Amino acid sequence: MEQLRGTGVALVTPFKKDESIDWNALEKVIDHVISGGVDYVVSLGTTGETPTLSSEEKLDIMKFTFEKVNKRVPVVVGIGDYNTRDVVKRLETCPLDEAVAVLSVAPYYSKPSQEGLFQHYKAVAAASPKPIILYNVPGRTGRNMTAQTTLRLANEVPNIVAMKEASGDMVQCMQIIKDKPKGFLVVSGDDALAFPQIATGMDGLISVAANYFAKDTAGMVKAALANDIATARELHYKLQDSFDLMFEENNPAGVKAFMAEAGLIENVFRLPVVPVSAGLHSRIAAFRKNYK
């Protein structure tokens, strides 16, 4: 799993004005992030608006991503749900040969107990032909996975190899880092916190911002992992205001506004996600114009 140490990018799903998938734009985004220096890509993450994609579209996006990445960097595939049986079925039937790992978000909406989270991931890991990356994002799921549950999974379930931590709780993150088993990776799920989190021992970042700011995000992570704190700090503060703008109203509405301004994609979404407000979009455009 050393190949997942560094910068991953949770790819957006570009849409045309009729809300169909814009395959040409997706290829452009894939080339943009790889040329920008990311270490791997994540297909079908939350940033890809997966809740609004059909099962057929998810399969098509996964296959398209494998084809266009063409082994230039590793590909992680997002497969998660609040229905454990459904996740297990998808893991058993999806063509995952070209994936290096599966990123599986903690069950949302149902708000299971810590034991429920453990049993869910134990079943998911048993069904998966690829290593599992846990994904804790309580702001979206409604339930935090504690450090104790994460460490229990890391120690007791061999096919669970890494954790994307997006709780924003630095103490919880440090508890996991301090007590994790050897070889278990912990990566940040928060662009704005990645620099200090890597300084405490995290192994990288799965980024939203790298869809647009690929070069500087990857550069910041690389410098932080090399203990080049001065360079990492400089890039972190260079990017900081972009993070505030990007997540002010909604993800991926913020990052898509940046990308639309750059001509990478059209600023189109499927409901219930909508574009950022006109005022925020103007501030994003102004920031982008002055960003050097």
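Analyst: Let's start with a cut-off: a residue is called buried when its relative accessible area is under 20%, exposed when it is over 50%, and partly exposed in between. Please keep in mind that this is a predicted model.

User: Thanks! Why is T7 called buried?
Analyst: T7 has 0% relative accessibility, which is under the 20% limit, so T7 counts as buried. T7 belongs to strand β1, residues 6-10. Beyond its sequence neighbours up to four places away, T7 touches V38, D39, Y40, L205, T217, A218 and V221.

User: What makes Y212 buried?
Analyst: The relative accessible area of Y212 is 17%, again under 20%, so Y212 is buried. Y212 sits in the loop between β8 and α9. Its contacts, leaving aside neighbours within four places in sequence, are H32, F258, M259, A262, L264 and R288.

User: How do you know that the side chains of Y212 and R288 make a polar contact?
Analyst: The distance is 2.8 Å, and the cut-off for a pair of N or O atoms is 3.5 Å, so the pair qualifies.

User: Why is M174 called partly exposed?
Analyst: M174 has 38% relative accessibility, which falls between 20% and 50%, so M174 counts as partly exposed. M174 is part of helix α7, residues 170-179. The C-alpha atoms of M174 and F15 are separated by 38 Å, and the two are 159 residues apart along the chain.

User: How do you know that the span of helix α4 agrees with what 14 residues should give?
Analyst: At 1.5 Å a residue, α4 (residues 114-127) should span 20 Å, and its end C-alpha atoms are 20 Å apart, so the two values agree.

User: Which residues of α4 are buried, and what do they pack against?
Analyst: The buried ones are L117, F118, H120, Y121, V124, A125 and A127. As a general point, an α-helix has 3.6 residues a turn, so residues three or four places apart point the same way.

User: What makes a space a cavity and not a pocket?
Analyst: In a cavity a 1.4 Å probe fits but cannot get out, whereas a pocket is open. The structure holds 2 cavities of 30 Å³ or more. The largest cavity has about 50 Å³ of space, and L11, V12, T13, L26, S43, L44, G48, I61 and T65 line it.

User: What about the largest pocket: how much space does it have, and which residues are closest to its centre?
Analyst: About 570 Å³ of space lies in the largest pocket. Of its 25 lining residues, T46, T50, P51, Y108 and R140 are the closest to the centre. By class the lining has 10 nonpolar, 10 polar and 5 charged residues, and β4 gives the most to it, with 3 residues.

Note on methods:
Residues are numbered from 1 along each chain as its sequence is written. This is a predicted model: local features need pLDDT of at least 70, side-chain atom pairs count only at pLDDT 80 or more; totals for chains, interfaces and linings use all residues. Side-chain values use heavy atoms; hydrogens and water are left out. Helices (H or I, at least four residues) and strands (E, at least two) are DSSP runs, numbered from the N terminus. The expected span of a helix is 1.5 Å times one less than its number of residues. Buried means under 20% relative accessible area, exposed over 50%, partly exposed in between (1.4 Å probe, protein chains only). On a 1 Å grid over the protein atoms alone, a cavity is a set of points where a 1.4 Å probe fits but cannot get out, and a pocket is an open set with protein on both sides within 12 Å along at least five of seven lines; lining residues have an atom within 4 Å of a point. Grid points are joined across faces, edges and corners, and a volume is the space filled by probe spheres set on the points. Ala, Val, Leu, Ile, Met, Phe, Trp, Tyr, Cys and Pro count as nonpolar, Asp, Glu, Lys and Arg as charged, and the others, Gly among them, as polar. Contact means heavy atoms within 4.5 Å. A polar contact is a pair of N or O atoms within 3.5 Å; within protein, one must be able to donate a hydrogen and the other to accept it, and residues adjacent in sequence count only if both atoms are side-chain atoms.
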